[in-house]
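Colleague: I've got the sequence and the model up on my screen, and I'd like to talk it through with you. Can we go question by question?

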Amino acid sequence: MSAQPLLLERGGQHRFALLYRPSQKVRAALLLLPPFAEELNKTRRALCQAAHAFAEAGFAVLQIDPLGCGDSAGDFSDASWTAWLQDFEQLGVGLLDQEFRGVPRLAWGVRAGCLLASTLAPHVEAQLWWQPSPQGRAVLQQFLRLRMAAELDSAERISVAALKAELAAGHAVEVAGYLLAPELAAGIEAATLHPPEHPALWLEASSQQPPQLLPGSQQWLQQKAPPAIKALALESPAPWNATELEDCPALVEASLCWLNERWPAQGAAA
């Protein structure tokens, strides 16, 4: 396999991307939709290792840093939920169409990236979700709490409600070194996970014995009852929550098992 760096252009600004291209015939192509803010930084190594494993097995992976993230143009404060959706739909899906015409496409979401991935349903044949966040408002709430945690010993502590009021008034707020724009906050808060009509694998990292899906995940799955979803909890570290860099080989192995079942290698039994 090879990892090809790319600069994609949209609106006169570049987006940095990596295309993991298998050396053998491509069985399917995955578009990676990463987690939010610091969770993206924490998972970069684990997602790189997963992309390598997928590509070595015959599954191409396209990883894009959306506007204001990683090595792409703009600052985090320039980002909006709409801009990110357009980056993945126009640049991501567009490139997969160009490079792998006729090959099945998947949206591979991680954490808040699953919210973005589920909107791409018309453009893909399947979804792979790692630790999905069913509600964007919970993602925003958790992120804003980082500001509260950083100010526990301060006489000028600020509440989540106060931060939301600042955003609603059109003011950006600083959280954990990220300047969050009102447009991005509003987009995240309004985002919800859409039940897929096509096949989907829902994987969660669990520290429980035996591994169990999170209560919120169980509730969403029971309420929506999507027949297309296969949901599994695995004993695994959660790189997005770790204080040190962590890998998640169990998630990679389970993902590959599912991918191989759906798109067997040429000559393999279906």
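Colleague: Is Ala37 buried or exposed?

Modeller: Keep in mind that this is a predicted model, where local features need pLDDT of at least 70, side-chain atom pairs count only at pLDDT 80 or more, and totals for chains, interfaces and linings use all residues. Residues are numbered from 1 along each chain as its sequence is written, and side-chain values use heavy atoms, with hydrogens and water left out. Buried means under 20% relative accessible area, exposed over 50%, and partly exposed in between (1.4 Å probe, protein chains only). Ala37 has 9% relative accessibility, so it counts as buried.

Colleague: And where does Ala37 lie?

Modeller: Helices here are DSSP runs of H or I with at least four residues, strands are runs of E with at least two, and both are numbered from the N terminus. Ala37 sits in the loop between strand E3 (28-33) and helix H1 (38-56).

Colleague: What is phi of Ala37 near?

Modeller: Most residues other than glycine have a negative phi. Ala37 is a residue other than glycine with a positive value, and its phi is near 55°.

Colleague: Which loop is Ala176 found in, and what is its relative accessibility?

Modeller: Phi of Ala176 is positive too, near 55°. Ala176 is in the loop between strand E7 (173-175) and strand E8 (178-180). Ala176 counts as partly exposed, because its relative accessibility is 48%.

Colleague: Which peptide bond is cis?

Modeller: Most peptide bonds are trans. Pro210 is in the loop between strand E9 (200-206) and helix H7 (215-224). With omega near -5°, the cis bond is the one from Gln209 to Pro210.

Colleague: Let's do charges. Which residue forms a salt bridge with Arg10?

Modeller: A salt bridge here is a side-chain nitrogen of Lys or Arg within 4 Å of a carboxyl oxygen of Asp or Glu. For Arg10, the closest N and O atoms of the pair are 2.7 Å apart, and the partner is Asp87. This pair links distant parts of the chain, with Arg10 in strand E1 (residues 2-10) and its partner, 77 residues apart, in helix H2 (residues 81-99). Both are buried: Arg10 and Asp87.

Colleague: How far apart are the closest N and O atoms of Asp87 and Arg15?

Modeller: Here helix H2, holding Asp87, is linked to strand E2 (residues 13-21), holding Arg15, across 72 residues. Asp87 and Arg15 are buried. Their salt bridge has its closest N and O atoms 2.8 Å apart.

Colleague: What about Arg21, which residue does its side chain meet in a salt bridge?

Modeller: Arg21 is partly exposed, because its relative accessibility is 24%. Its partner has an N to O distance of 2.9 Å, and that partner is Glu99. The pair is 78 residues apart, Arg21 being in strand E2 and Glu99 in helix H2.

Colleague: Zooming out, what is the radius of gyration of the protein?

Modeller: The protein has 8 helices and 10 strands. The radius is taken over C-alpha atoms, and the globule rule is 2.2 Å times the number of residues to the power 0.38. That rule gives 18 Å for 270 residues, and the protein comes close to it, so it is as compact as a globular protein of that length, at 19 Å.

Colleague: Last one: what share of the residues count as buried?

Modeller: Contacts with a separation of 6 or more come 69% from residues 24 or more positions apart. Of the 270 residues, the share that counts as buried is 50%.

Technical notes
Contact = heavy atoms within 4.5 Å.
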